[in-house]
Amino acid sequence: MVYMNDQPRLYGGVDGALRVAARRETLIEAGLELMGSAEPELTVRGVCKQAGVAARYFYESFTDRDALISAVYDTVITDIAVSTQAAVDAADAERDKAVAAIANIVRTVARDPRRGRLLFSSALTSPLLVEKRRASTTVFIGLLAANAKSFYRLGDSGQLTLTATFLVGGLAQTLSAWLDGYIDVTEDELVAECAAILLAPAMPPS
């Protein structure tokens, strides 16, 4: 077995640390492929077969199966959080920022449905993923509340947190249903409808 604290050596002129990092990325991609498939199944043997690497190399980067699951989830959620914040920052008007955030999230999971299934699918119910989803939902609630504080102009932080929690939870359920085919709309229609819902709390009462 290759242990995580072993020092990788040069091989064929390639630094050992680079080879370990490359195998780690390959294993994370293989984990995403298996976890985001229609019939998800993740074992150390299965992910190594999917990645095309010997099982002994798994332990260079991961202590066990749960460590890989955490790495896959964290990679996906970080990519979406960073790209969404970049899309928001690139927009000018506050309403444009809301649309940009929704559009980035929808189009990210549309381009790679595996990511959407990992984040939202009810078929993936391991305790670890449930906890990871709970934690990431809290992060996204905080991000929405921070970005929308002046936009929504709600009376207090409690109202803002309640609104952000409702919107983030509703978006997650909507994306899950869309990916599963229960909501039959185009990608552009989904962006437009979700953006309208996100903007609704900012509209003055009639």
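Begin by selecting N104 together with I80, S83, T84 and A87, which are the residues in contact with N104 (contact means heavy atoms within 4.5 Å) once its neighbours within four places in sequence are left aside. N104 lies in helix α4, residues 94-111, where helices are DSSP runs of H or I with at least four residues, numbered from the N terminus. N104 is buried, with a relative accessible area of 16%; buried means under 20%, exposed over 50% and partly exposed in between, using a 1.4 Å probe and protein chains only.

Before going on, note that this is a predicted model, in which local features need pLDDT of at least 70 and side-chain atom pairs count only at pLDDT 80 or more, while totals for chains, interfaces and linings use all residues. Residues are numbered from 1 along each chain as its sequence is written, and side-chain values use heavy atoms, with hydrogens and water left out.

Next, select helix α2, residues 44-51, and colour V44, V47, C48 and A51, which are buried. Seen down the axis of α2, these buried residues fall within an arc of 100° (taken from the directions from the helix axis to the C-beta atoms), so they line one face of the helix. They pack against α1 (16-35) and α3 (65-90), whereas the face turned away from the buried side carries the exposed residues R45 and K49.

Finally, select α4 again, now with α5: T108, V109, A110 and R111 in α4 meet P113, R115, G116 and F120 in α5.

Notes:
Helix = DSSP H or I, 4+ residues; strand = E, 2+ residues; numbered from the N terminus.
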